[in-house]
Amino acid sequence: MTDFLNALVILANFILVPGLAYGSQLALGALGVTLVYGVLRFSNFAHGETMAFGTMLVILVTWMLQGAGASFGPLPTALLALPIGIAGAVVLCLVTDRLVYRYYRRQRASSVIYLIVSVGVMFVYNGLIRFVIGPRDQNFTDGQRFIMKAREFKNMTGLNEGLAIKTTQAVTLGTAVVTVGIVFWFLNKTRTGKSMRAFSDNEDLALLSGINPDRVVMIAWIMTAALATIAGTLYGLDKSFKPFVYLQLLLPIFAAAIVGGVGNPLGAIAGGFVIAFSELFVTFAYKRVVTYMVPESMAPEGLVQILSTDYKFAVSFMILVIVLLVKPTGIFSGKSL
Amino acid sequence: MTMSGRNIGLFALMALLLMSVGFIQSWDVSLTLLNLCIISAIMALGVNIQWGYAGLFNVGTMGFAALGGLAAMLVSVPPVTAAWEAGGAGVVGGIVAAVVTVIAGMYAWRKTADMGRSRYWVTGLVVLVGYVVLRSLIDPAVSAIEKVDATKAGYLGGFGLPIIFSWLVGGVFAAGAAWVVGRISLGLRSDYLAIATLGISEIIIYMLKFEDWLTRGVKNVAGLPRPVPYEVDLNESAGFQSWATGMGLEVETASSILVKLCYAGLFSIVLLVVLYLSEVALRSPWGRMMRAIRDNETAAAAMGKNVTSRHLQVFILGSAVIGVAGAMLTTLDGQFTPTTYQPLRFTFLIWVMVIVGGSGNNWGAVLGGFVIWFFWIEAEPIGHWLMSTLTSGMEEGHWLRLHLIESAAHMRLLTMGLVLLLVLRFAPRGLIPEVKR
Amino acid sequence: MSFLVGENMVCGYGGADILHGCTVGVDPGEIAVVVGPNGAGKSTAMKAMFGMLDLKEGQVLLEGEDITGLKPQERVLRGMGFVPQNHNVFTGMTVEENLEMGAFIRRDDIAATMEQVYGLFPILKEKRKQPAGELSGGQRQQVAVGRALMTQPKILMLDEPTAGVSPIVMDELFDRIIEVAQTGIAILMVEQNAKQALNIADRGFVLVQGRNAYTDTGAALMADPEVRRAFLGG
């Protein structure tokens, strides 16, 4: 029985807790991608860099706050800096839309043109970020490191295995729940939110109903920028901030959006968790779990790992491929905001 | 092939630029530039076949070029006999198991169409069993291979054939990957192809970095055999020494230039062949049909054209050309370094070349390849000079000055991004626009 | 001079013109029906009158005022409502949300109007929490008409409201449309089912190749042997 509990604790410690945190980050990222897709109808390749840009601003403000001696008690100071980061990312997105995307909207350009343009925007952002903060790793996490340390858990329960919960993991989950709650309240309960859904659902009819497309597009960018900054900051707090990582996050985020059905916010969130947990399940070494569960003589020699952690990004690709082959519209059948 | 005076002028200007580098910097630098320009031009032709002919957006050029590089390495290096003895059988068995698994998985999927939800479980189980067999065969083999003379080998090696064959093999590798990606994502929304190519290219790079038994991973494979003479041999040959002195050149300079000229000759042949074939294809009924599909997919489909299979064709062809160029690049480098494959350098830059050159026009793609590569390389000294001059008023050790000079390299990203956006917006037809026939 | 009239309209999509100077109009409380063979330009005339196509010649007058240059949204503000033939509901939104979106331009309380629409189409009240995409064809058409009524328009324009619904549903829809007209709203609609439509029409326009072929009251057109033979199948 103890063995079984120990095995469960390992799974909770290495899959459940990190998966919830990582899943929340992906879900918020995918929500942003899905919003842009629903309203502007293209897959925004610059989304990863938008995340990096917002996070960079948060880091800079955090450093200033830390320099001024401000702190947020046990919570990371970055949370205080978040609003400023969001504001900066919003400005960036709106300026980009005004200078770049609006022209193609007026031209009614095909979606593939938007794709190329967004790749161009991605590289401009990328250059901007490296220019300001450089390509190196930046650490900006402060406050209390753990809510529960592995040793405390062991003492508390008397089990061999520990369960550690980092503050950043709890902060991630908490922030994500609040953010998603606000987004859904906005989309389903407010007039403006409903008009966004209407626009995404049927653009022509929305125009006939007197919904102002420019306003819908503007709000979509504001929400996207906010979601991107929150997702990027949470990821940066949880792991660390490296500009190129956000480019690599693009693939799992797209995969999450497509798995859930592009344009479907609920699907994006589900997709985020599907991708996160698959990644962890597939790359986790089950050796210790199996050792607890089977008689000693049968204990495995290898790591009992389906795929090496080097390939964690390949997992999202495989899921993407399976979805494209089996159900290209996604689990929740896409395109409705 | 007719060319307007303007286009000839543009190419002449490019030649002039390269020559001025020869005069100002050195002929060695100029020829290095030229060789890379040619390779870039071939890659740009590959992308142009996909984008210009058919409107397919491939964000994974990097991966296809890397497969070409892999081919160059695998074809040219001699096999490591000890490693083959240690784990060759296991690896071959693993590959066979992989093929059998894929076929069995597909068979299971087709045969269970009427089973409802259990269809997923049956297929999943078949694949899982296959995967377990694969891993049990390949894992011990891999660790055995990686133990063989780890500092020098630790991998299976290649086939020890002349490296020039790899140019073809690289094309075949890239075509194979393109077939898989295309089969999965073509026929769906255009975004899906873009995302799928982004994914496959990242995975290819990860494999090249981490599958040490195949590629030595980040330990690189250096000293690939060349298709042209070595400078050292030339320098030592009496005939060459007397020839060089006769020409009034230093022996070392002459050998280095001669080697680069040999490469340039070989590369030019490939460029001309690819360019010729692309032009012929573009003018053929096939090319006309491709463009008809690009301009109006719905109408073409209504006329009974199988749009998806045409797209697959063109996607494979374009990727193969990129693979050829990738193999040539590794040949020129003389070593296989998986970490050098950066999306910026191998995907984005190529796209800028095509868009700036003129999408849909092969000559445009070639010119774009030359121009963009030239400025990409020359931008570094220019950027550095610019930043130093701009900040010369500041104190020597001022943090802003140091930061600006240090960040000059990142300006290239920004500039290239801006160039792409500006050209797309204000001159979407590029330097040499597509000819409407 | 009618309340709403499109006079001598000439327009088309890009290349060739589809309308060659046709005139269509309607008055409050009246049902005007546009009929004619396929390709006669019936739907085009509707789009032109609603500003979804630019006129090359001719003009659109509302209460005597020239509105030719106004965008569709501006015409909605002037009291015109339009029900397109296809894609005329927000499929992912509930019936109630569809009606709310119909009233998007209104800033006042819409509860009373919504009750009126529910009074007109009781089935919608029953299904108000269901996504419109899950309703039957006839119910969807009711949502579409209801959505357009939410702005309390003075004129309701319908582009083939009975396309693809069964004869029974069609009769019911026509009954509802008559009820709407009785509230004083002008109704202008394009119909494929010419006989049934002219039966309820106060005014009928028969278009042929973008021109007015016959214009009269619905009853007179039904009685005209030539119209009957050519367009109503005897």
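In which loop of chain A does A:R41 lie? A:R41 is placed in the loop between α1 (2–40) and α2 (47–67) of chain A, where helices (H or I, at least four residues) and strands (E, at least two) are DSSP runs, numbered from the N terminus. The model shown in these views is predicted, and local features need pLDDT of at least 70, side-chain atom pairs count only at pLDDT 80 or more, while totals for chains, interfaces and linings use all residues. Residues are numbered from 1 along each chain as its sequence is written, and chains are lettered from A and ligands numbered from 1 in the order in which they are written.

View 1. Most residues other than glycine have a negative phi. A:R41, although not a glycine, has a positive phi of about 65 degrees, and with 16 C-beta neighbours inside 10 Å it counts as partly exposed; a residue is buried if 20 or more other C-beta atoms lie within 10 Å of its own, exposed if 12 or fewer, and partly exposed in between, with C-beta atoms placed from the backbone. C:N8, which is in strand β1 (residues 4–12) of chain C, is a residue other than glycine whose phi is positive and near 45 degrees. C:N8 has 14 other C-beta atoms within 10 Å and is partly exposed.

**View 2. Packing of helices α3 and α9 in chain A.** Helix α3 (residues 78–107) of chain A packs against helix α9 (residues 213–238) of chain A at an angle of about 140 degrees, and their axes are 8 Å apart; axes are lines fitted to C-alpha atoms, for helices over the stretch in contact, and angles run from 0 to 180 degrees between N-to-C directions. That angle makes α3(A) oblique to α9(A), given that angles under 35 degrees count as roughly parallel, over 145 as roughly antiparallel, 65 to 115 as roughly perpendicular and the rest as oblique. The two helices, α3(A) and α9(A), cross in the right-handed sense, and a crossing is left-handed if the near helix is turned anticlockwise from the far one by less than a right angle, and right-handed if clockwise. Residues that make the contact include A:L82, A:I86 and A:V90 of α3(A) and A:W221, A:I222 and A:I230 of α9(A), two residues being in contact if their C-beta atoms, placed from the backbone, lie within 7 Å. By class, this contact of α3(A) with α9(A) has 17 nonpolar, 4 polar and 1 charged residues, where Ala, Val, Leu, Ile, Met, Phe, Trp, Tyr, Cys and Pro count as nonpolar, Asp, Glu, Lys and Arg as charged, and the others, Gly among them, as polar.

View 3. Strand β6 (residues 80–83) of chain C pairs with β7(C) in the parallel sense over 4 bridges, two strands being paired if DSSP finds at least two bridges between them, and C:V83 has C:L158 in β7(C) as its bridge partner. β7(C) is also joined by 5 bridges to strand β8 (residues 186–190) of chain C, and these two strands run parallel. Within β8(C), C:M189 stands opposite C:L158, and C:A186 stands opposite C:I155.

View 4. Strand β3 (residues 31–35) of chain C runs parallel to β8(C) and is joined to it by 4 bridges, with C:L188 in β8(C) as the bridge partner of C:A32.

**View 5. Helix α1 of chain C.** Helix α1 (residues 42–49) of chain C is largely enclosed by the rest of the structure, because 7 of its 8 residues are buried. Among the buried residues of α1(C) are C:K42, C:T44 and C:M46. Just after α1(C), C:G51 takes a positive phi of about 85 degrees.

**View 6. The contact between chains A and C.** Here 14 residues of chain A are in contact with 18 residues of chain C. On the side of chain A that touches chain C, the elements that give two or more residues are α7 (191–201) and α8 (203–208) of chain A, and the largest share, 5 residues, comes from α7(A). The residues of this side of chain A divide into 5 nonpolar, 5 polar and 4 charged.
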